Amino acid sequence: MDNNRRYFNTTGACNPQLHYMVDIQERLEEIKNLVDAGKYFTINRARQYGKTTTIKALSEYLENDYVVVSLDFQRMSNAEFADEYIFSAAFAAYFLKTVRNKRNPVQGLNNDILDKLSRIANENSAFSLGKLFAVLSELCETAEKPIVLIIDEVDSAANNQVFLDFLAQLRSYYLDRENSPAFWSVILAGVYDVKNIRNKIRADEEHKVNSPWNIASDFRVNMGFTPGGIRGMLEEYEADNHSGMNVEEIAGLIFDYTSGYPFLVSRLCKLMDEEVAGSVSFPDKAAAWTKEGFLEAEKLLLSEKNTLFESLMGKLNDYPSLKRKLYSILFGGKKLVYNPDDPAVDIAVMFGFVKNDGGTLRIANRIFETRLYNYFLTTDEAQNSELFIFASDDKSQFVQNGHLNMELVLKKFVDHFDQIYSGRAEVFDEEEGRRRFLLYLRPIINGTGNYYIEPETRNARRMDVVIDYKGEQFIIELKIWRGNAYHERGEEQLADYLDYFHLKKGYMLSFNFNGKKEVGVKEIHIGDRVLIEAVV
């Protein structure tokens with residue numbers, strides 16, 4: 001990579017001089033409105049959601065109107081939270097080091113009060129939180145402009161009683177700030193909502209769960225990237241690199257797959273720019289910044305290990321009930337009511353893996369969905385199933401001259417399904433039928449193709465699978481047989497859906513649990529469109 005050019009960054013805070021970034025001006029303006037109103041609040045968002053980048057930019061954005069002191073609790077060790085005296089001295093030292101930084105000192109603070117803070121903290125072995133905040137109050141009273149205190153990575157301290165006591169001091173001065181000078185605004189940043197700090201307190205400390213941060217205002221600023229924001233970032237990239245990409249199309253694809261999750265957006269762009277471009281199939285940037293190049297980047301992203309995916313899978317192991325809920329959403333099309341009092345759901349929302357969509361629980365984005373599908377379809381039990389083995393053994397015959405023969409895939413699935421389950425007493429429900437087809441499909445397209453489920457069609461009766469294989473798209477409607485009239489309506493729905501994707505051929509796989517069903521594959525013509533229907 002050319003060290004003289006900007007690049008897409010996925011590690012640490014972004015710098016517009018070094019990195020391609022989405023413009024967050026509108027976000028900063030919304031946050032400043034909260035600061036201008038003197039609010040205390042928490043920026044709690046999922047990991048790798050741009051919190052640190054936002055805080056860095058916000059500090060600069062507020063400097064004309066405020067004295068901004070920005071700290072990071074990751075720079076304080078666990079030992080410094082041992083008790084309030086150790087913490088108070090350590091906090092004072094860190095505060096002073098920050099504001100008196102030789103490269104970038106904080107202007108507008110009274111030096112005599114800073115000297116007083118240094119002297120008392122160093123000379124008084126019983127330097128309590130009360131004494132610390134008394135001096136900080138003097139600092140707020142004598143500052144040239146109102147002081148805004150920002151603390152990043154508060155999660156590193158949130159399971160500690162000293163931190164609760166620290167919040168209690170902030171709360172006390174906030175409530176009495178007409179009489180005792182206090183910070184104008186305090187912003188805490190982390191994954192966990194500090195108002196619900198009980199999520200981090202150990203079971204044997206449940207008597208400490210009453211959060212002293214109940215003074216905090218709700219933080220409703222959208223921290224995700226919008227399609228327009230992604231488009232603007234790509235336009236900057238295109239001005240430097242001249243790849244010839246269709247900016248509107250690529251920005252739309254990125255948003256469709258990520259729903260604006262900042263890390264996923266940047267990671268896909270970085271993969272296209274640095275991994276896909278220059279590969280055998282995509283020799284230059286012009287080839288990489290296409291729909292095909294994007295799908296290759298998505299495939300690389302889904303196959304890599306990173307801290308975000310590890311966190312997602314870790315939550316499934318920590319919360320079996322969450323795992324069951326996601327499984328029923330993915331394979332059964334269940335509409336689960338969002339319940340904030342369910343600890344597993346609350347954690348999943350907090351970490352950005354699911355979202356509340358009008359009272360219904362939904363997986364946050366298409367990337368997470370596909371990663372979860374892959375997880376559920378690659379367990380030892382799944383890979384040892386007969387269907388998975390059949391598909392793996394027959395994989396080569398489904399690709400002819402580089403093209404995926406989807407009709408043959410359906411025909412073979414019907415044959416294998418009938419061979420395995422015909423005459424068995426085994427009965428499985430609708431979602432299991434869908435799982436078994438996806439289990440059959442995965443080894444066939446794995447490593448070359450991509451697939452996802454259209455969320456608008458995922459329900460108890462219907463699920464549309466969209467497959468991209470070397471630039472070709474295939475739409476397969478998976479449905480449960482509900483009688484001839486319903487089936488015919490399904491054919492019309494699929495035909496209309498093909499129009500949306502500008503395709504003339506579609507596929508339907510019906511799971512018929514009626515003993516009189518007619519198993520097989522047939523071709524149906526509806527106008528100028530062809531439907532390949534399979535029944536098992």
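This briefing describes a strand sheet and a pair of helices. The model is predicted, so local features need pLDDT of at least 70 and side-chain atom pairs count only at pLDDT 80 or more, while totals for chains, interfaces and linings use all residues. Residues are numbered from 1 along each chain as its sequence is written, and side-chain values use heavy atoms, without hydrogens and water.

**The sheet**

- An open sheet is formed by 4 strands in the order E1-E4-E3-E2, with parallel pairing; strands are DSSP runs (E, at least two residues) numbered from the N terminus, and two of them pair if DSSP finds at least two bridges between them.
- Strand E1 (40–44) and strand E2 (67–72) are at the edges with a single partner strand each, so one side of each has no neighbour in the sheet.
- On average, neighbouring strands are turned by 15° against each other, direction ignored.
- Strand E3 (residues 147–152) and strand E4 (residues 185–190) run parallel and are joined by 4 bridges.
- Leu 149 has Val 186 in E4 as its bridge partner.

**The helix pair**

- Helix H8 (residues 247–258) and helix H11 (residues 291–303) have axes that come within 10 Å and cross at roughly 30°; helices are DSSP runs (H or I, at least four residues), and axes are lines fitted to C-alpha atoms over the stretch in contact, with angles from 0 to 180 degrees between N-to-C directions.
- H8 is therefore roughly parallel to H11, a term for angles under 35 degrees.
- In contact (heavy atoms within 4.5 Å), residues of H8 including Leu 253 and Tyr 257 meet residues of H11 including Phe 294 and Leu 295.

Conventions:
Parallel < 35°, antiparallel > 145°, perpendicular 65-115°, else oblique.
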